[in-house]
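This report describes a few local features of one structure, for a reader who has not seen it before. The sequence and structure come next.

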Amino acid sequence: MRNLKLTFTLWLCATASAMAAGLSPVQLVNPLQGTDSNGGYSHGNEYPAIALPFPMNTWAPYTEPERDSFYYQYPKTQIRGIRQTHQPSPWIGDYAAFALMPVSGKLVVKENDRASDFQHEQETAQPSYYRVHLDTWKAVAEVTPTERCASFRFTFEAPGDSYVVLDAFSGGSSVEIIPGENKIIGTSRFNHGGIPDNFSNYFVIVFDRPFTAHGVWSPEATKEGEAKLAGKHVGAYLKFDTAAKGPVGCKVASSFISPEQALRNLQREIGDADFDTIRHRAEDRWNEALGRARVEGGTEDQQRTFYSAFYRSILYPHRFYEFNEQNRPVYFSPYDGKLHDGFLYTDTGFWDTFRAAHPLYNLLFPEVSAEILQGLVNAYDQSGWLPSWASPGHRGCMIGNHAFSLFADGWAKGIRSFDADKAVTAMVHDANTQGPDYCASIGRDGAKFYNTLGYAPYPNVQEATAKTLEYAYDDYCASQLARTIGRNAEADEFAKKSMNYRNLFDTKSGFMRGRKENGDWNENFDPIEWGGPFTEGNSWHWTWSVMHDVPGLMKLMGGESAFADKLDAVFTARNDVKVGSYGGMIHEMTEMVAANTGQYAHGNEPVHHMIYLYDYVGQPWKAQARIREIMTRLYSATPDGICGDEDTGQTSAWYVFSALGFYPVCPGSTNYVIGTPLFSRATLTLANGKTFAITAHHNGPQHPYIHSAALNGKSFNQTFLSHGDVLSGGELKFEMVSAPDYKWATGPESRPPAVMSTPAVVLSEAVHSSTDEKPTTK
C-alpha cells in the first residue's frame, strides 16, 4: 500500500500544472481509479475501461486469469493481454471476451506463458487511449476505441521474431485465419450466464500488412501453419517481419449478429482511418460528453476526481444494438435469441443505478435515456419481464422492480420515446407475479404476501424487509406514470401499495424490522445486524429507504426533532457489525468499518440519499457538512479512490451530482435536493441548447456552508430545485461561508415538498428517439 501511495503521489506531482496547462476533460480522467480492489475489499472493483460513452464494447488490460472477474488488479505486475470486455461488475462476470497480446523472440500462446512484466510508470490510461510497455517482450501495446471497434498498434523494439497472439477464450470459441486478406475471423461464447443457446460474439481482425507465418492453438497444442480451429478454447497467432517496417497495426470489430455485421461495423466506424485519427475522434467524443458539465475552481485533485467519476458514470449501460445496411438500428436479443429492429441496452443493475446514474442521463444525456427506455419495453416484449439486472440478458442479482423508476423518472423529465401504456402493463404484470426460478431478480419475490399482508414476511421471503421497502418505492413510481397517462385504477392501486412501508416500522425501536407472516416481529432484533430481512446492510441503512414519502416516515419516527436526532445517530453510532445471516464479514461490512462514519455505509447504495434528508427537517447545514466530508474523504482519482463497489455508474454519479450541488433524492419526481457545490463554477450544457450554471462565491475546503442563494437574480431560499428550473437555463448562485448558517432555507416553506401526490410535469420540450399493531389483511 505504501508503494501504491508513493506511485500516485509522484503521478500527481508530475501533473501539478494540469489546471494551469488547460488540460481537456478527457485528460483529467484517470481510468485506473478504483482498480486497487479484490474480492475481499473494494476500492471500486473496476478495471481501466478504454471505451466511448455508453459503448457496445470496452477494452481493458488484464492481470489475472481469464475466468477471474477481478481481472485487473493494480498491485499486480504482469499483463496477460488486452481484452474486449463487457463486464459490468466482478460479481456478474464478463462475456463475449477475447484478447490480443504481442510477444517476441519466441512463440508462447497460453496466458500464463505469454504474461509480461510491466510497470505503471510505463502505462498510460485515458478513456480514449491505452498504452503499456511490455518489459518481457520488449514491446509496446496501444489501443484506441470506437463504440463497436478498436484500433491496435504493436511496436516491437528488438529485431527478431514478432508475434501477435489472439486468445478467443474458453466457453466455446472458433478462429479462422485468411492470409490473403491479412485477416482473422472468429467467435467467442465466453460467458457467465444471461445468454440464449445461439449466442456468439462474431469478431474480425484486419492487419495492416501480410504476416510471414501463422497457426492456431488450444491449451493442449499449437498447430503451425493451420488456419482454422474450433473448440472449447482456441486461439490463433500471426508472425510478422518487423526488422524493416514499423509498428504492426490492426483494426478489430465485433457483432452479436453475424460475421458480416462485424465487417459492416468495422467499415462504418473505422474504415480507412489510421490509429491516430481514431484516437483523436475518441478524444473528441469524450470531451463533448464530459464537457456537458464543465467545472472551474476547486483543487486539481477535485477536478480529476470529478471527471473520473463523470467518466465512470457514463460507461454504462452498454449499447447492444448495431446498424444494418440501411443504417437502421438492429439488435440480437439476449432474451429470445432473435434479431429485432430498434434499441437495446444492457450490462447494468437498476438496484444501483436508478438512484442517481439514470437521473444523470435524464438530465445531461436525454437522447440516450430515450433509447434505454425503448429498450426496456423491448426486453419485456421478448422475455415477458422487465429487466432488473441485465448482462446481457436477465441475471439473478439484487432486488426490486427499478425499471419502474426509470420509466417514471424519464417520463416526469420529458422523455416520451417509449410506449407508456405498455410500460404500465408491464409494471402491473411484474408487480403481481412471482419471478421465474431461473432468475430471482425479475418479477416480484413474495408478490402474493406483499399484496395480501401489505409486506413480505421473513423468513418466508429472504431479505423481505428490504424488498418491501423497494417495492413500495417502485409502486410509487408506477402510480406516477399510470396517473399521468390516465390509467387511474392502476394508479390508485399502486399508490395504495406504496404505503406498505409503514407496516414494517416498529415505533418502539424506531427502526424498520423484519416481520413474520402472522404479524409478529422477528425476535432478537439488533439494528447493527446485517442480512436476514435486509439486503447487504442492516436496519440503520434501510430504515431511510422511503424516498417517496419522507414526511410519512418522519411522522412514524415521532416528528421532525426525532427524525433529525435519528439522522445524527447514524453518524455517532459505533461502527460495529453483527454479521447475521452472512455468517462472516463481507466486503461491504469491512468498508463501512474502514470509512469510520458510524453506521453510515456510503460504499453501498441504500444510504446514498440519506444525508440529503437533513433538508427535510430544516437543518441543511448538517447535510452540507456531511456531503462535503464524504466527497473529500471517500473519493479521489487514485486506484484506491472509491469507497466500495462503483456499481455501473451509481457511486460515481452520486459524486457528480453532489459536486454540482444537488441530488435526485426521489427519482420519479421532478425535484432535486440542494447539498453543497464543490466548485466555484459548474456549467451544464443541456440538450435543448441552453446552459445552467451553478456558481459558489468564496467556496473552498473550509467553506462548505451556504449563507445565501439566488436563482436568475432572485433570492433563492429553498433546499430544492426543479428539473424545469434547470432546463430553463440560467444561473444558481451561492454565497459560501466557513460556519453553519442556521437561517438559510430552514423554514417549512423552504423544504423539499412531499411528492406522493405530485403528478409528472409536462415539459415543453419532450425527448423523442407502521405501527406496533399487526397490519390488517386485505
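## Surroundings of S37

The model is predicted. In this model, the side chain of S37 reaches the backbone nitrogen of H43 at 2.9 Å. S37 lies in a loop, the one between α2 (25-28) and β1 (58-62).

The relative accessible area of S37 is 6%. S37 therefore counts as buried, since the cut-off for that term is under 20%. Leaving aside residues up to four places away in sequence, S37 is in contact with S42, H43, G44, N45 and Q73.

## A sheet of three strands

An open sheet is formed by three strands in the order β19-β20-β21, with antiparallel pairing. β19 (322-323) and β21 (339-341) are at the edges; each has a single partner strand, so one side of each has no neighbour in the sheet.

β20 covers residues 329-332 and pairs with β21 over three bridges, in the antiparallel sense. Within this sheet, F332 has L339 of β21 as its bridge partner.

## Packing of α16 and α17

Helix α16 (residues 550-557) packs against helix α17 (residues 560-572) at an angle of about 95°, and their axes are 7 Å apart. The angle makes α16 roughly perpendicular to α17.

On the α16 side, the contact involves V550, L553, M554 and M557; on the α17 side, E560, A562, F563 and K566. Six of the residues in this contact are nonpolar and two are charged, with no polar ones.

Definitions and conventions:
Residues are numbered from 1 along each chain as its sequence is written. This is a predicted model: local features need pLDDT of at least 70, side-chain atom pairs count only at pLDDT 80 or more; totals for chains, interfaces and linings use all residues. Side-chain values use heavy atoms; hydrogens and water are left out. Helices (H or I, at least four residues) and strands (E, at least two) are DSSP runs, numbered from the N terminus. Buried means under 20% relative accessible area, exposed over 50%, partly exposed in between (1.4 Å probe, protein chains only). A polar contact is a pair of N or O atoms within 3.5 Å; within protein, one must be able to donate a hydrogen and the other to accept it, and residues adjacent in sequence count only if both atoms are side-chain atoms. Contact means heavy atoms within 4.5 Å. Two strands pair if DSSP finds at least two bridges between them. Axes are lines fitted to C-alpha atoms, for helices over the stretch in contact, and angles run from 0 to 180 degrees between N-to-C directions. Angles under 35 degrees count as roughly parallel, over 145 as roughly antiparallel, 65 to 115 as roughly perpendicular and the rest as oblique. Ala, Val, Leu, Ile, Met, Phe, Trp, Tyr, Cys and Pro count as nonpolar, Asp, Glu, Lys and Arg as charged, and the others, Gly among them, as polar.
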